[in-house]
Amino acid sequence: LELGRERGEEDWVLLGCDSLGRSHQARNEMAEALPHADFVWKSYDPRRHRRLVEKVGQDIRVTSGISSAFALWELGRFGEAHERMGAALDHARGFGHSYTASLALIYGALFFLSALDRPRARAVAAEARALAEDLGMEVDASFGGFVMAACDDPGESRMAELFRSLGRLQA
């Protein structure tokens, strides 16, 4: 990160902030993670930085949006967290990178499930599952099905979907 700043290498700065933010988040240091994720979210320009997708295999604006949404939630900033996740999903859907979209939809479904917004979680999980099936990403499709099952009302049987999802993972 510092070398990128010294040399004026914008891509390095974005990648450094992305890595630092995710590292802090992995240690549950959300207050420290958020400024890094926010920097990437606000500084990333899809036209100027598209080449980063080729370098790292995903759109780091989306991953920083996801990371910052979870950090905002953990810090008690619930409204901002919902807005950020929605914006990250919108960006992922419109960016045109299938892997990033699939990743974002799965994390989005988990976010809304953890926020107890089951209808939205189910809708996003169904979208994730459909995209993953279209792309032949069996594990992601099964995980989408698993999250969909977790969204069922407690009175409904979730076990059948769970076993179908696990069966697809084993196949």
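Residues are numbered from 1 along each chain as its sequence is written, and side-chain values use heavy atoms, without hydrogens or water. Local features need pLDDT of at least 70, and side-chain atom pairs count only at pLDDT 80 or more, whereas totals for chains, interfaces and linings use all residues.

The protein chain has an average pLDDT (the predictor's confidence in each residue, from 0 to 100) of 86. A score of at least 70 is reached by 88% of the residues. Helices are DSSP runs (H or I, at least four residues), numbered from the N terminus. Where pLDDT is low, the predicted coordinates should not be read in detail.

Helix 8 (residues 118–135) packs against helix 9 (residues 138–150) at about 160 degrees. Their axes, lines fitted to C-alpha atoms over the stretch in contact, lie 8 Å apart. The angle, taken between N-to-C directions on a scale from 0 to 180 degrees, therefore makes the two helices roughly antiparallel (over 145 degrees). Contact means heavy atoms within 4.5 Å. In helix 8, the contact residues include Arg-118, Arg-122 and Glu-133. Their partners in helix 9 include Asp-140, Gly-144 and Met-148. The residues of this contact comprise seven nonpolar, two polar (Gly among this class) and five charged (Asp, Glu, Lys and Arg).

His-97 sits in the loop between helix 6 (78–95) and helix 7 (98–114). Leaving aside residues up to four places away in sequence, His-97 touches Val-53, Gly-57 and Gln-58. Its side chain also makes a polar contact (N or O atoms within 3.5 Å, one able to donate a hydrogen and the other to accept it) with the side chain of Thr-100, at 2.7 Å.

Terms used
Parallel < 35°, antiparallel > 145°, perpendicular 65-115°, else oblique.
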